[in-house]
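Hello,

Here is the structure I promised to pass on. Please have a look, then read my notes below.

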Amino acid sequence: MGAGGALLWLVGAAWAAMVLGLGSHLKGKESLDRPQHQVQHGPCSYTFLLPELGGCYPSTAEYQVSNSLQRDAPSVPEPKWPAKRLQQLENIMENNTQWLQKLESYIQENAKMELAEIQFNTVQNHTAAILEIGSSLLSQTAEQTRKLTDVEMQVLNQTSRLEIQLLENSLSTNKLEKQLLLQTQEINKLQEKNSFLEKKVLDVEAKHEEELHGIKAEKLEMQSLLSKQTQLIWELEQHLAIASANNTVLQRQQASLMDTVHQLLSLVSQCNQISPAPQEEQKVFRDCGAAYKLGLTASGVYTLRFPNSTATTRAFCDMETSGGGWTVIQHRKDGSVDFHRTWKEYKHGFGSPSGEYWLGNDFIHRLTTQGSYSLRIQLRDWDSNEAYSLYGHFQLGSEEHLYRLHVRDYSGTAGRTSSLSPPGTAFSTKDADNDRCGCKCAQMATGGWWFDACGPSNLNGIYYPASPATVRYNGMKWHYWKGPSHRLKATTLMIRAADF
Ligand SMILES: [Ca+2]
């Protein structure tokens, strides 16, 4: 029998018992004297009051209908009251009770087992679910933890990398700062230098401007001079015309005078035939050194003979400076003689030996070719400062060789460097341009000189007074003594035999 069937049966039995119990209850205390049946089940005890059968026996049909639910129960026997019937009832009751007990225990067991099973199953299911959830959670947690660890590691790596980079950056920043500082210092230095140079450039510019002004003024001066000279030339031409007209008259007068002189001479010779006067021989020397050696130790003008010739010239001899015996070939002291002369004039010489003069390139060439000569250049400025330049060897080339300059062995006090043009420089005059310049130095600087291009010296330039002390390109100059604007008051070029 199933659990459902057992339960149905149990309800029916309980219902029967209840009907029976209810009937007894309604009877009250009077039923205490009635026959009873007691059933003990566990801690509970059930007391059944058995009904009185005094004359009211239910028909068999009625009985059977009222107990229709218990069809499997034993059929009610024919009433054989009282004992037999009682016995039957008791048996039925006992059977019922046993059934009930069995049913109860079965139900209880079943219920217990099912409950336990259900509980167990439920618990198991729950536990499994929980375990599953827990394991999945654990795995998730582990996964998360692993990921977190990974992320942490990455973060740590990144952090360390960033720190290293930061460190490198700070190091490079320091380096850059140092470099920046150094560069800033250099820039400052350069700026200082730059400003210094700018100042210098400005100074030079100012100087140049000043010089330019000087040159412009000079140009104006020269232009006015030129116009004056043109005027003078015109006047001279006029004079010349008059003079040449006068010349013919003078020539006639001269002719008549010559006749008179001849007559007088013949008269004189007639008178002096008895006592002729001794002819005084004029002393002539090779050079001033020779005169000095012959005892003539006074400075002055002496007559010198051209080498290998009867021709003579007159020169000033300096018998005092540095042992004496110096033949002066150039002298200037007051600007009284014009030195802006032609090639021919420089060849033969001009001026006065007792004053300002140029001895003549021809004589100088001939003399310095005879033997070894030294050259001394004596200078004096407007403050009476004196200096000299000495060349141990000096020789002047021939006219065919343009009177080239040959000098060496420089010494002296007028500059640590020689102011003469380099050896081999040709002589130039206003009408003979032999310099190394595209220009014509002799015309620009004036005078005849050994112009290079145009060189640091020209002692035959224009004689300027002491002031103003501006740079004049055409003035007398000896650059390496005191610069281009230094004014010279007196100059002397003199030569002497090297073995004097
Ligand atoms: Ca030239």
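What share of the residues of the protein chain count as buried? Of its 500 residues, 28% do; buried means under 20% relative accessible area, exposed over 50%, and partly exposed in between, with a 1.4 Å probe and protein chains only.

Some ground rules. This is a predicted model, where local features need pLDDT of at least 70 and side-chain atom pairs count only at pLDDT 80 or more, while totals for chains, interfaces and linings use all residues. Residues are numbered from 1 along each chain as its sequence is written, and side-chain values use heavy atoms, with hydrogens and water left out.

The overall fold
The protein chain has eight helices and 13 strands. These are DSSP runs numbered from the N terminus: helices are H or I with at least four residues, strands E with at least two. Take the contacts (heavy atoms within 4.5 Å) between residues at least 6 apart in sequence. Of these, 52% join residues at least 24 apart.

The annotated helix
An unreviewed UniProt entry annotates residues 173–207 as "coiled-coil region". Such annotations may be inferred rather than shown by experiment. In the model the span is 100% helix and 0% strand. Its end C-alpha atoms lie 49 Å apart.

Asp 433 counts as partly exposed because its relative accessibility is 38%.

Strand β13
Met 494 lies in strand β13. Its relative accessibility is 0%, so Met 494 counts as buried. Leu 375 is 119 residues away along the chain, yet the two C-alpha atoms are separated by 5.8 Å. Beyond its sequence neighbours within four places, Met 494 contacts residues including Trp 326, Val 328, Ile 329 and Leu 375.

Arg 496 is in strand β13 too, which covers residues 488–497. What does the side chain of Arg 496 reach? The backbone oxygen of Gly 324, at 2.7 Å. Residues touched by Arg 496, not counting those up to four places away in sequence, include Gly 323, Trp 326 and Tyr 373.

Best wishes

Methods: Polar contact = N/O pair within 3.5 Å; in protein donor to acceptor, adjacent residues only side chain to side chain.
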